[in-house]
Amino acid sequence: MAAERIPRELLLDVTRFLKRQGVDYADVRFERVQHESFVVQQQQVHSLSVEETAGVGIRVLFRGAWGFAATPHGGAPRLKRAAAQAVALAKASASVNKQPVKLVPVEPARATYRSPYEIDPFSVPLSKKLDYLMWATSELMGPQAVKRATAHMDFYRRTKFFASTDGAQIQQVLLESGAGLEVVAQQGNEVQLRSYPNSHHGALAQAGFEYVKRLDLVGGAKTIQREVLQLLRAKPPKPGLTTLILDPTQMVMQLHESCGHPTELDRVLGQELSYAGGSFLTPEHLGKLRYGSDAVTIVADATVPGGVGSFGYDDEGVPARRVELVRQGLFTGYLSSRESASRLGLPSSGGAMRAEHWDTPPLVRMTNVNLEPGEATVEELLRDVRRGYLLSTNKSWSIDDKRLNFQFTTEIGREIINGHMGALIANPLYTGITPQFWGRCTGLSNKASWQLWGVPNCAKGEPMQLMHVGHGAPYARFDGVWIGAAD
Amino acid sequence: MIGSTRLLEELTRLAARSKADGTSICAQGQGRHVLRFAYGTVHQVLFQEHITVTIKAVLGKRVGVASTDTFDRASLNRTLAAAVALARHSPNHPSLPPLPASHQLLTTEDHDAATAQAGPEAFLPSLKRLFHLCQGAGASLAGSCAVGEDELAVVNSAGVACYAASTLTGAKLVTMYRKLSGFSSRVERQVSRLNLEALLETSLGQCLHRQAPITLPLGTYEVILEPEAVAELLMWLGSIAFGAKSFHEKSSCISGRIGEQVMDKRITILDDGAHPDGLRMLFDFEGVPKRRVPLINRGTAAGLVYDTTYGHLYGQASTGHGLPPDDVEGPQPLHMFLEPGTASRDELIRGCERGVLIPRFHYVNGLLNPPEALMTGLTREGAWLIERGRRKAPVTTLRFTHSLLDALRHVVAISKERHRVADPMQESGCAVVPALHLARFKFTGRSEDA
């Protein structure tokens, strides 16, 4: 598809064609994604790539059944062929379904949305980006124990145009920037890893190049080089029940796995059973189940500045919203779509429908699932801990298909003794049961220490879609958590 | 699907047009119909088609990579120009290997015309009947079916011109009855070989029981891992242990241990992209023919897979395990085979005094401590306690945390039947594995109701 422009009139023509086919509803979504990715390893360019993808996804509801077809071809005949194919698929589906899909209403919007930024990263010279990555990796290298030093930058520009048979016409441009470092050290049988400022490419924000500049990769490189060498000699934690303080770089994954996924209403309705699983947060628990302690309030907020789960409108034209999932420990809400909200009798969609690309249908996805901050300073959180650990930066993650039993490891930990930070610990692992764990949350740090990170690889759906979602969190303290060592 | 003639012509034209010293082009095309369903309703029916063309341009020792999914001349030319521009700005890569030369392969052996033309109508009549059968049994059904075709072409300026077309279909079924659930899946090259009713029977066989699941004390148990469970562990092991990159970075559990006994002598693992029992792929994304690579030979660490970059680093030829040019994971074994044993699956169960039967795992993670191959994950559908060789009772969800290396050092028996485990949504990646009876497997946690 010609990548330079949005074929607006052609797309509107497709909505008119679909109306003439007698569909209940249809939407047509053009999307173009430009992605620049740079990886420098051991002071050599490991990967330098630009990617561009553009096409149109057409979603049709016919006699209460969905059909979806997508095409990278931009001409009118190919678009109409894809539209007809979507209708045919919906008809085939309708021949089996007994319960027709219904959608909660949404006001058809005519709008334009652009995510804010200061410096367009695509305008920054390549040499400047590479020089910065080279400089950062040079700071990681040196000691013989350092076996791998990697630095990366990623930039995305998503241009979307959404039109529906209800009359919506929405154009959006979303810009993301991210960067980070990873260092691996080895001595004898011991191998340790540190990332900065977060692992799994989590330093990703809806922002321009100014975000990368603020990350201070060079300063961070010195810190994680020192830490990874110390970790080679560090002891593991003592196994047993203890008090844990998780910093925001680990809270990202804790929120993602144990709150974000189980509140996706399509999972609750069984639509992910053959792949990602179900959820323990079934509808009879809504408004009744104690998900956590009174300190715990979790929101899905697509309006947070800088969050990679932020947007003007979701991929079915619903305006960005802030939805409370957990209020003062009580389970109060779901991430939802027009269809899933209707199935549960909710008055409106939670505005959480997004597709990875033009060739995939939108699914219920996390937006920015954030833990609201508390009142304490980080020092005050620490002060009450007689013996415990502070854990940082996710290393591995695993949770059961209902999202109850989880187990995480982090890259690094520190002992806490009588309110003070102690020695580094290596290979910490902690585990728990979701509502029990959140029920033991005894303190949250304040807004000043609250951090917003990204998860750029949230997998869901068949075919699998990888989504960028955001998580904001303060430091959080949990009592009576089982900790062990991954060694 | 574009087809071999046009695809190879266009990519060859592009490589010839390139002003780079070397140009390698990889094109991956896919068309899929995917149907998903839950509780008697089809909630997704889709058709998607796309092609991704990735171009690697080499200028001296400098490299740039660009990709597009628009297959027209203007986009391809623009992408080539972007790759060359990136290479021009890239620093020198002193150990850059030359592009692989002169391999020419063309295969459509695994392409079935009827499967390529099939759509949801291939599944819907059977699905109606499955819904009906489940309703009759008082069970619920969820799952997915997929059918489609794939093509892969690799062309480079050193004379490589490879093309493969194939078809793929498969289904996954989850059945639920009271507090139990069952699962079955199958992947085939031909849609005519897919038998949804047989899959339903397997899945229902795991859950149509009146017994409530019991909670087992945590600890170390014997386990019988069915092929789906074995495959997930093996594919994780492949990604963290058998690629030359993880070996080079010392994060592999066989780093520095080639020739050493690391597993039970009955364990032989190899990667074989050309074996017809797998999802055959005759060449890699660099256009190098795939070699059969022994990874573990009778329990001994035997080898690694290489691409051109890591082959060059170790003075070895590429084994044909390169990934697309924009990938940074290094060479990977994508067609793993675990050699079978002599017992039947039923004999494995009969030979188990007290253990857990596990059809498949959920959410395995092998990043806990890769040098030890320490992994965690959970049981899912169909896990049963076995006592004195018989299935005694279904068990609630258990979490294991155990070194796979240690688990494979304590093998009791291996089944003679093997299954191909793969994802019907994607062409590359499969494991052909038997069931395993292991003497020790550590369960460290369990799920509890909210």
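Reader: In which strand is Arg158(A) found?
Author: Arg158(A) is found in strand S5 of chain A. A strand here is a DSSP run of E with at least two residues, a helix one of H or I with at least four, both numbered from the N terminus. This is a predicted model: local features need pLDDT of at least 70, side-chain atom pairs count only at pLDDT 80 or more, and totals for chains, interfaces and linings use all residues. Residues are numbered from 1 along each chain as its sequence is written, while chains are lettered from A and ligands numbered from 1 in the order in which they are written.

Reader: Why does Arg158(A) count as partly exposed?
Author: Count its neighbours. A residue is buried with 20 or more other C-beta atoms within 10 Å of its own, exposed with 12 or fewer, and partly exposed in between; C-beta atoms are placed from the backbone. Arg158(A) has 19 inside 10 Å, so it counts as partly exposed.

Reader: Which residues does Arg158(A) touch?
Author: Contact means that two C-beta atoms, placed from the backbone, lie within 7 Å. Leaving out residues up to four places away in sequence, Arg158(A) touches Glu31(A), Val33(A) and Leu174(A).

Reader: What makes the span of helix H1 of chain A close to the expected one?
Author: The expected span is 1.5 Å times one less than the number of residues. H1(A), residues 8–20, has 13 residues, and 18 Å is expected. From first C-alpha to last, H1(A) reaches 19 Å. Just after H1(A), Gly22(A) takes a positive phi of about 85°.

Reader: Which residues of H1(A) are buried, and which are exposed on the other side?
Author: Leu11(A), Val14(A), Thr15(A), Phe17(A) and Leu18(A) are buried. They cover an arc of only 160° around the axis, which puts them on the same side of H1(A). That arc is taken from the directions from the helix axis to the C-beta atoms. Glu9(A), Arg16(A) and Arg20(A) are exposed on the other side. The cover over the buried residues includes strand S1 (25–41), strand S2 (44–62), helix H2 (76–94) and strand S5 (146–164) of chain A.

Reader: What makes S9(A) and strand S23 of chain A a pair?
Author: Two strands pair if DSSP finds at least two bridges between them. S9(A) and S23(A), residues 476–485, have 6 bridges, so they pair, in the antiparallel sense. Gly240(A) stands opposite Ile483(A) there. S9(A) also runs parallel to strand S16 (residues 387–399) of chain A, with 4 bridges. In that case Thr243(A) stands opposite Gly388(A).

Reader: Why do strands S12 and S15 of chain A stand at the edges?
Author: The open sheet has 4 strands in the order S12-S11-S10-S15 (chain A), paired antiparallel. S12 (330–331) and S15 (369–371) each have a single partner strand, so one side of each is left without a neighbour in the sheet. S12(A) is joined to strand S11 (residues 322–327) of chain A by 2 bridges. Val326(A) stands opposite Phe331(A).

Reader: How many residues of chain B are in contact with chain A?
Author: 66 residues of chain B are in contact with 74 residues of chain A. Strand S2 (residues 41–59) of chain B gives the most to the side of chain B that touches chain A, with 10 residues.
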